[in-house]
Amino acid sequence: MKFRINGGKRLNGVLKVQGAKNSILPILAACVLCKGEVVLHNCPKLSDVGSAIEILVHLGLKVEQNGEDIRVLCRGINCCEVPQNLMHQMRSSVVFLGPILAASGCAVISMPGGCELGPRPIDIHISALRRLGAEISDEHGMLRCKAKNGLVGTQIDLLFPSVGATENTMLASTLAKGTTVITNAAREPEIVDLANFLNACGAKIKGAGSSTVVIEGVKELGGCEYSVMPDRIAAATFLTAAAITRGDVTLKGARQEDITSVLALLKQAGCSVSVKSDEIRALCDKRPSAMNIIKTLPYPGFPTDAQAPLMSLAAVCEGTTMFVETIFENRYRHVGELIRMGADIKTEGKVAVVNGVERLKSAAVTCTDLRGGAALFLAALSADGTSDIYSIEHIDRGYQHIEKDFAALSAEVLRTE
């Protein structure tokens with residue numbers, strides 16, 4: 001499959017933001033811990049969500065998906081091993097490790113797959129689970145975990161505020177004996193969303209969204225009805241699309257507080273950004289200006305997932321913008337493809353220097369990862385002529401029917417063989 005995009009069109013219109021990919025995945029993993037019925041609303045239809053559902057079904061849970069609603073009948077799991085083919089479909093599959101271990105006292109998984117963004121060791125996850133009392137061994141690429149006497153709450157100091165490690169530790173600690181205190185915890189909104197879901201099921205978690213999270217273990221969790229938060233990275237992508245096409249886009253359901261750092265940069269580029277209750281509007285009627293140094297940082301800093309889309313914008317800005325990537329080593333894999341479209345970008349280690357050009361040109365390009373694919377999509381929207389984007393399965397991992405959403409904003413996009 002590929003996307004064929006006839007670029008150079010000014011985007012205009014109103015769009016509802018999808019549910020958050022990075023929130024629904026750990027929430028689905030949390031269903032392993034529950035006993036009862038879980039009903040989730042505002043769930044995006046993504047390939048990664050499909051992979052998470054496959055894992056739940058393999059573990060013995062009954063799952064029904066109807067549009068943006070997912071119903072999970074949680075009766076306990078009947079095995080503790082996730083097959084290698086399911087683990088390799090997405091990087092975030094590692095978040096199933098903690099809940100499976102907590103629910104059954106054992107867990108067997110392979111190293112996870114997903115986008116190749118450089119080393120993303122799960123050492124922090126493993127170290128935290130060992131602190132809770134798990135015995136973990138690595139045998140031929142398979143992680144075998146045991147907690148014969150159950151997990152026991154303790155103090156856990158994370159070496160880095162890893163989102164995945166914070167989620168895994170929270171999930172594992174929910175049914176642990178005693179109290180767990182996580183320091184240097186990730187502060188992302190998705191962490192808060194996961195804690196809110198767990199608390200709705202009967203967990204006792206305090207401090208989510210701060211650097212210290214306290215989990216008081218409970219004997220069991222029930223079910224609940226819950227609505228997933230809006231996707232802040234999708235929101236950032238569509239607002240950036242308004243800027244790069246010199247358009248006018250309004251997003252309904254977006255939350256200003258989740259993307260403050262992105263909105264500040266769009267204003268810097270010359271966009272008019274206005275916020276009303278649950279909607280954000282971005283209007284850009286002239287060539288955008290270069291932005292200051294953009295450095296990716298853990299939340300509330302600028303998100304690494306928004307770096308690639310913002311780089312496409314910088315490629316057509318007047319002036320020079322510098323990027324510093326501090327989270328992942330290989331997050332500039334999209335640069336070569338942007339250069340094929342006429343961008344002037346030079347990279348050296350963690351730094352990328354983007355000298356803006358007047359217009360990008362159409363080309364045949366290939367997605368290298370999820371957010372890099374989004375960057376190429378935006379670049380093609382702004383470029384003169386018709387572009388073909390290949391390996392679009394990367395984009396489908398994080399954006400729900402992206403071609404339909406952009407078509408609703410007057411873009412000319414076709415998904416084709």
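1. Let's start inside the protein. The largest cavity is lined by Ile-244, Arg-246, Pro-288, Val-316, Glu-358, Arg-359, Leu-360 and Ser-382. Keep in mind as you read that this is a predicted model. The space in this largest cavity comes to about 50 Å³. Sort its lining by class and you get four nonpolar residues, one polar residue and three charged ones.

2. How many cavities of 30 Å³ or more are there? The count is two. The second largest cavity has a volume of about 40 Å³.

3. Now for the cysteines. The structure holds one disulfide, and its partners are Cys-80 and Cys-106, with 2.4 Å from S to S. Cys-80 sits in the loop between strand E5 (69-74) and helix H3 (84-87), while Cys-106 belongs to strand E6 (residues 106-110), so the bond ties together parts that are 26 residues apart in sequence.

4. Cys-34 is in no disulfide, and its nearest cysteine sulfur, that of Cys-201, is 3.9 Å away. Why does that pair not count as a disulfide? The two sulfurs would have to lie within 2.5 Å, and 3.9 Å is over that limit, so Cys-34 is left out. Cys-34 is also buried, with a relative accessible area of 0%. Cys-145 is in no disulfide either; for this residue the nearest cysteine sulfur is that of Cys-106, 9.0 Å away. With 1% relative accessibility, Cys-145 counts as buried.

5. On to the rings. The structure holds four aromatic pairs. There is an aromatic cluster to look for as well, formed by Phe-3, Phe-238, Phe-377 and Phe-406.

6. What does its side chain reach? The side chain of Thr-237 reaches the backbone oxygen of Ile-233, at 2.8 Å. There is also a polar contact of 2.7 Å between the side chains of Thr-237 and Tyr-399.

7. A polar atom of the Ser-173 side chain lies 2.6 Å from the backbone oxygen of Thr-169.

8. Next, a valine in a loop. Val-94 is found between H3 and helix H4 (97-104). This valine counts as buried, at 6% relative accessibility. Val-94 and Val-82 are twelve residues apart along the chain, and 10.0 Å separates their C-alpha atoms.

9. Finally, some backbone details to check. Most residues other than glycine have a negative phi, and most peptide bonds are trans. With that in mind, look at the peptide bond from Tyr-299 to Pro-300: it is cis, with omega near 15°. Pro-300 is in the loop between strand E17 (294-295) and helix H10 (307-314).

10. Two residues have a phi to look up. Asn-42, which is not a glycine, has a positive phi near 60°. This asparagine is in the loop between strand E3 (36-41) and helix H2 (47-59), and is buried, with a relative accessible area of 13%. Ser-277 is not a glycine either, yet its phi is positive, at about 40°. Ser-277 lies in the loop between strand E15 (272-276) and strand E16 (279-283). Is Ser-277 buried or exposed? Exposed, with a relative accessible area of 75%.

Notes:
Residues are numbered from 1 along each chain as its sequence is written. This is a predicted model: local features need pLDDT of at least 70, side-chain atom pairs count only at pLDDT 80 or more; totals for chains, interfaces and linings use all residues. Side-chain values use heavy atoms; hydrogens and water are left out. Helices (H or I, at least four residues) and strands (E, at least two) are DSSP runs, numbered from the N terminus. Buried means under 20% relative accessible area, exposed over 50%, partly exposed in between (1.4 Å probe, protein chains only). On a 1 Å grid over the protein atoms alone, a cavity is a set of points where a 1.4 Å probe fits but cannot get out, and a pocket is an open set with protein on both sides within 12 Å along at least five of seven lines; lining residues have an atom within 4 Å of a point. Grid points are joined across faces, edges and corners, and a volume is the space filled by probe spheres set on the points. Ala, Val, Leu, Ile, Met, Phe, Trp, Tyr, Cys and Pro count as nonpolar, Asp, Glu, Lys and Arg as charged, and the others, Gly among them, as polar. Rings of Phe, Tyr and Trp (its six-membered ring) pair if their centres lie within 6.5 Å; planes under 30 degrees apart count as stacked, over 60 as edge-to-face and the rest as tilted. A polar contact is a pair of N or O atoms within 3.5 Å; within protein, one must be able to donate a hydrogen and the other to accept it, and residues adjacent in sequence count only if both atoms are side-chain atoms.
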